[in-house]
Amino acid sequence: MIYLFLAAFLLLLVQRLLAVFQYRRITDQYKEVRLRHTVFAVGQHKKWGMSSMAMIGCDEDLVVKEAYILKGFSILERFRPLSNVEGMTLSQLKSEYQSQRGMAALMQAIEFIEKGPPPDIDETPVESDDDTEV
């Protein structure tokens, strides 16, 4: 019985280590693509325990320079480049992949780029009416 618990513990430990390595791979690729392109977005979609992520890097004219997708259940999955998307506009990319199954993360990334950056938040401190100090 102790061997069963030991085996389960070792499996959980290996799974955790592989998850850390996957996180590092995703983070490194995210940084590389973000630094290469002025317009960049990430989309994520989860359904029934399956998740997918997509990254799109564009130039100022919203022409896609590179796009990657990560789909799957396993911690061994990696970002895979989408073939033949370089040089497409966002609207062309959207119309081509919109009807394909499993591309919700890519559609979300396209929507983020189309919406544009969020408005700046005014960081001026709010003055209170009372003169008490905390």
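Helices (H or I, at least four residues) and strands (E, at least two) are DSSP runs, numbered from the N terminus. This is a predicted model, in which local features need pLDDT of at least 70, side-chain atom pairs count only at pLDDT 80 or more, and totals for chains, interfaces and linings use all residues. Residues are numbered from 1 along each chain as its sequence is written, and side-chain values use heavy atoms, without hydrogens or water.

Start with confidence. The chain has a mean pLDDT (the predictor's confidence in each residue, from 0 to 100) of 77. In all, 82% of its residues reach 70 or more. Helix H1 (residues 2–36) has the highest confidence, at 84. S1 has the lowest, at a mean of 77.

Now look at two helices. The axes of H2 (residues 90–97) and H3 come within 10 Å and cross at roughly 155 degrees. Axes are lines fitted to C-alpha atoms, for helices over the stretch in contact, and angles run from 0 to 180 degrees between N-to-C directions. H2 is therefore roughly antiparallel to H3, a label for angles over 145 degrees.

S2 gives the largest share, 3 residues. Which residues lie closest to the pocket's centre? Of the 13 lining residues, they are His-45, Lys-47, Met-50, Ser-52 and Gly-102. The lining divides into 5 nonpolar, 5 polar and 3 charged residues; Asp, Glu, Lys and Arg count as charged, Ala, Val, Leu, Ile, Met, Phe, Trp, Tyr, Cys and Pro as nonpolar, and the others, Gly among them, as polar.

Notes. On a 1 Å grid over the protein atoms alone, a cavity is a set of points where a 1.4 Å probe fits but cannot get out, and a pocket is an open set with protein on both sides within 12 Å along at least five of seven lines; lining residues have an atom within 4 Å of a point. Angles under 35 degrees count as roughly parallel, over 145 as roughly antiparallel, 65 to 115 as roughly perpendicular and the rest as oblique.
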